[in-house]
Amino acid sequence: MKIDYSNISKTYDDYRSYSRSEIHQLIRFGKLKSGIKILDLGCGTGNLSAELLDCIKVDIIGADKSFQMLKKAKAKALQVICADADNNLPFNDNSFDVVIGSYVIHHIKNRMSLMAECFRILCDGSLIFLTSSHDQIERLHPVIREFFPSLIELDKKRFPQISELDYLFKAAGFKNIKHEELIISKIPIDMKYLEKVRNKFVSTFYLLSESEFKEGIEKLKAFVKKNKEPIYRDWWGTMILGEK
Ligand SMILES: C[S@@+](CC[C@H](N)C(=O)[O-])C[C@H]1O[C@@H](n2cnc3c(N)ncnc32)[C@H](O)[C@@H]1O
């Protein structure tokens, strides 16, 4: 099934955001400095760009293939361009100091070609991807794992292993590759979470069968109603960086 970001764009910002501490961790990890030129690849609604700009004075441009996601980013006064990262990127050689792609690499069909394109458009800076490792995907909260049993395997099929990314970074010419774990958020499994899942706040929910999704929602609803005190699930990410 194709994931439709025009539809997702309507509620994306209600459910997905970056906290200040995540942004500061990214700034430290990427050694991001004021004045540098950044490409936010697969910028979506521009959440990451907007938060970065609140913390550091950089020149940032977002690229995404979804017009509807970009419309939301434009409304935040961000510079954006429509571009499909599965094709050559519409930028000259040596255009950026840093390229950041957050939760986009799992959507890319030809990852090797994208890495080579990122290498080409970078000056002597860094490429950074934020993603989830298979180990992190496996750490899904037992309750969600029980209610949506196919979720983990579906995500593991979509998300590249960190070792694959390491290999691709190296093959494209990047050096000094490093990783760091990021706790993206602590999410209470409550009524609000139920609404997020109902609205498929993570695109993998679009890939579940209709019956598994419906059954899972019913089970989650019953669970949330029964539990007066919310329990929390963590959502981890991995940052991976290579230098040109
Ligand atoms: C999960 S969202 C992440 C958005 C944003 N980076 C964030 O962290 O909030 C994935 C984004 O990747 C974009 N995307 C998927 N495939 C793409 C491609 N081939 N070229 C450019 N953007 C793509 C989608 O349109 C969507 O906006």
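These questions and answers go through a predicted model of a protein with a ligand.

Me: How many helices and strands does the protein have?
Reply: The model is predicted, and its elements are DSSP runs. The secondary structure of the protein comes to 12 helices and 7 strands.

Me: What radius of gyration does the protein have, and what would a compact globule have?
Reply: The chain counts 244 residues. A compact globule with that number would be near 18 Å. The protein agrees with this, as its own radius of gyration is 18 Å.

Me: What box do the C-alpha atoms fill, along the principal axes?
Reply: The box is taken along the principal axes of the protein. Its sides are roughly 55 × 35 × 30 Å.

Me: In what order do the strands of the open sheet lie?
Reply: The sheet is open and has 7 strands, with mixed pairing. Its edge strands, each pairing on one side only, are strand 3 (79-82) and strand 6 (175-189). From one strand to the next, the twist averages 20°. The order is 3-2-1-4-5-7-6.

Me: Which residue in strand 4 stands opposite Leu39?
Reply: Strand 1 (residues 37-41) pairs with strand 4 (residues 96-102). The sense is parallel, over 4 bridges. Opposite Leu39 stands Val99.

Me: What angle does the direction of helix 6 make with that of strand 5?
Reply: Helix 6 (residues 111-121) packs on the sheet. It touches strand 4 and strand 5 (122-131). Its direction and that of strand 5 make an angle of about 140°.

Me: Which residues come nearest the ligand?
Reply: There are 19 residues around the ligand. This shell divides into 8 nonpolar, 6 polar and 5 charged residues. Those that come nearest are Gly42, Gly44, Ser66, Ala85 and His107.

Me: Is Asn176 buried or exposed?
Reply: Asn176 is found in strand 6. Its phi is positive, about 50°, although Asn176 is not a glycine. It has 10 C-beta neighbours inside 10 Å, and 12 or fewer counts as exposed. So Asn176 is exposed.

Me: What percentage of the residues of the protein count as buried?
Reply: A buried residue has 20 or more other C-beta atoms within 10 Å of its own. Of the 244 residues, the share that count as buried is 34%.

Notes: Residues numbered from 1 in each chain as written. Predicted model: local features only at pLDDT ≥ 70, side-chain atom pairs only at ≥ 80, totals over all residues. Near = placed C-beta within 6 Å. Nonpolar A, V, L, I, M, F, W, Y, C, P; charged D, E, K, R; others polar. Pairing = 2+ DSSP bridges. Helix = DSSP H or I, 4+ residues; strand = E, 2+ residues; numbered from the N terminus. Axes fitted to C-alpha atoms, helices over the stretch in contact; angles between N-to-C directions. Contact = placed C-beta atoms within 7 Å. Rg over C-alpha atoms; globule rule 2.2 N^0.38 Å.
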